[in-house]
Structures are given as structure tokens and as C-alpha cells.
Amino acid sequence: MKKLIQFFSTVFLVSFALMFLVNYLNTSEGYAGRNTITVFNWGDYIDPELIKQFEKETGIKVILETFDSNEAMLVKIQQGGTAYDVAIPSEYAIEKMKEEDLLIKLDHSKLPNLKNIDERFLDLPFDPGNEYSVPYFWGTVGIVYNPDMLGGREFDSWNDLWADDLKNQIVLVDGAREVIGFALNSLHYSLNDTNKAHLEEAKNKLIRLQPNIKAIVGDEIKMLMVNEEAPVAVVWSGDATDMMWENDKLDYVVPKEGSNLWFDNMVIPKTAKNIDGAHKFINFMLDAEVAAQNTEYVGYATPNKAAMELLPDEVVNDERFYPPPELTDKLEVYENLGQEMLSYYNELYLEFKMHTK
Ligand code: SPD
């Protein structure tokens, strides 16, 4: 009996020790830190095959978490609950993250593939010297539409969206800066406007758009347009490319009043546990072949010059998605308007959304 008790006590102690060790390795800097990275990316914004390839090449396991707006991403990183090793915010969010000391400076000696990036996308005002971020994809905001569903109609102005015969036909990307931005542009104001009277005017104009709005959605927007469940949508350019690959009746335009030029860059947040693994992942994504494959999967415009050489001419020469500098110079990049203004934009956006079904 004594031997039996001794045996069970030993089994219990060994199991307890093993449980403790496994738990330690999975939650502390031990296992999670060395062999895992957590990547925080927009939904539908990376080829899953590339994640497998990275894991195979490096032995580093990737945990992918997604977000659907810069605002949602910022809150999660500010809370610090998850140890994100790499995140992919847009320019104004990067500026804000720098301001709030949420980012780690990149070690360029660990990013030799940075040489593949076109100089046009380096050293931009939101991150001089690319101290904290390196380019992933870039693009514009515009209107994607199906002329066949609209009797051959074309779009070239934001104001076309307010036409009386577009009842329940328009789908909008769910983003406060995007939606308030195009309303401001339609009024010939800057999409970085901080004049509250102008912003109120933009919100009221958006409320007048309500009868034409079918839905305000995230990545589902692609399916709605591809399946011809809606004829018009306000989207990010790369989503339009993806839709047009699936349905060749669609066309995309950046309206004549102007629009947004945006840049999504890779960063290492202060929450990172595996800084070396994060650099390896970023450098992997900057590789020419990897970036070309990712571009073919995602549909967005790559800033990777070496990757562009590997992509079909009809993709990289399409000025709707790779607008040349003389066109991008006329577009506006979102500025970090500060917390108070950002909250004000969000409030107006929520007020507008409350008026839509
Ligand atoms: N489905 C991926 C969407 C990524 C879009 N990023 C655009 C950010 C513009 N501020």
C-alpha cells in the first residue's frame, strides 16, 4: 500500500512539473518568445501559403490575428494584452503609435531585402528614414462599379453617388476616415479637415446619402460586387483589383475631386516578445518573389520594385492601381489629426451609421 501511495505521488508530482513546464514555455518568453511570432494584420491581406513557407524556412510558428480598421488595431495594441510581434498599420496610425511610444525601432541590418523597395515609398513624412516601419502595400480609395448593371453608366465624381436613381445600390467600406473623407472631398474640402462646421456639413451630406446605401461592410464587400449583388461600392483600390480579377465587368475610378493615397507599413510594436523573429518575418515579406506572390494573391499595389519586375506588365502598368507620381501628387495622405479630432471623426461616423439601416 505504501509503495502504491509512493507511486501515485511520484506520478502526480511529475505530471504537475510537466504541466508547469509546458505552460511556462507557451506563455512566457520561453517557447512563445523564441519559436513563435504573432502577426496582427488586416483581414484577407496575406497569402496563407507564404505563412506556411516562412514557418518551414525558419521553424518559427506564426499566429495570425486580424483587424478591420486602424482604430481597432490601435486599441488592441494600446491595451497591450496580446504580445503582437508584427503589425501592419497605415501611415496616420504609425505616426500616432510613434507619438505614443508604442513601436520599437527597426534594425535595418536585419532587413537586407529593404533594398527591393522603390525609393518612392521610403522616407515618407510619417516615418522619416523608415526608423519604425517598412512598406507592405499602398493604394487609393475610389469607386468600383458595374456598368452592365447600371445601363452603361460611368462614375467620375464622388457626387455621382448621390444620384436619385441609385436607391439601395451602394456598398461602403466600413472606415470612419474613408467615409467622412470622401464626403469632405465631394464638398471640395481636404480629407484632413479639422473645421467642425465643414465636418458637420460632411456628416449631413452623408445622412442624405442614406437612401442609396445598401450596406456598410468589411471584406464582404468583395463578394457583394463579384456576385453582382450590388452595382457600386466605395473601396480601397486593392480590393477593387481583386474584385475585377473575379468579375471583368467591373471598373474602378479615383474621383476627380481627389481622394486618399494610403500606405500600409510593417512595424514591430512594443508588445513584441520575439523581436528577432519579427525582423525575420518582415525581411521575408520584403523578398522579391515572396512580395510578388503576395501581390498576386492579395491584389493590392506592391511598393517592392524587384517584385514588380516579376509581375505581369498588365498588372503593374495599370494606372488605376499603380497611379504614377503625377497622379498621386494630387491625392492626400491621411494625417494624424490627434486623439481629440480622431474621436470627433469617429463620433460623426457613428451618428451617420445610426441613420443607415
Ligand atoms: N482587406 C485588406 C484591407 C487593407 C486595407 N488597408 C487600407 C488602409 C487604408 N487606410
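My entries below go from the ligand to the pockets and then to the cavities.

**Ground rules.** I am working with a predicted model, where local features need pLDDT of at least 70, side-chain atom pairs count only at pLDDT 80 or more, and totals for chains, interfaces and linings use all residues. Residues are numbered from 1 along each chain as its sequence is written, and side-chain values use heavy atoms, with hydrogens and water left out.

**Entry 1: the ligand.** Which residues are around the ligand? I listed W42, G43, Y45, N70, S90, E178, D219, W236, D239, W262, D264 and Y300; a residue counts as near if one of its heavy atoms lies within 4 Å of the molecule. Sorted by class, this shell has five nonpolar, three polar and four charged residues. For the classes, Ala, Val, Leu, Ile, Met, Phe, Trp, Tyr, Cys and Pro count as nonpolar, Asp, Glu, Lys and Arg as charged, and the others, Gly among them, as polar.

Next I looked for polar contacts, meaning pairs of N or O atoms within 3.5 Å. A polar side-chain atom of D264 is 2.7 Å from a ligand nitrogen. For S90, the distance from a side-chain N or O atom to a nitrogen of the ligand is 3.3 Å.

**Entry 2: the largest pocket.** Where does the ligand sit? The space it takes is the largest pocket; sitting there requires that more than half of its atoms lie within 2 Å of the pocket's grid points. Pockets and cavities are found on a 1 Å grid over the protein atoms alone: a 1.4 Å probe fits in a cavity but cannot get out, a pocket is an open set with protein on both sides within 12 Å along at least five of seven lines, and lining residues have an atom within 4 Å of a point.

I noted a volume of about 470 Å³ for the largest pocket, volume being the space filled by probe spheres set on the grid points, which are joined across faces, edges and corners. Of its 31 lining residues, W42, D68, S69, D174 and W236 are the closest to the centre. Helix 15 (339–354) gives the largest share of the lining, four residues. Other elements supplying at least two include helix 4 (70–79), helix 6 (176–186) and strand 9 (261–267). These elements are DSSP runs numbered from the N terminus, with helices (H or I) of at least four residues and strands (E) of at least two. By class the lining has 13 nonpolar, seven polar and eleven charged residues.

**Entry 3: the second largest pocket.** I found about 320 Å³ of space here. It has 18 lining residues, and L124, P125, L261, F263 and V333 are the closest to its centre. Helix 5, strand 9 and helix 14 (325–328) each give at least two residues to this lining. Its classes are ten nonpolar, two polar and six charged.

**Entry 4: the cavities.** How many cavities of 30 Å³ or more does the structure hold? I got five.

Note on methods
Polar contact = N/O pair within 3.5 Å; in protein donor to acceptor, adjacent residues only side chain to side chain.
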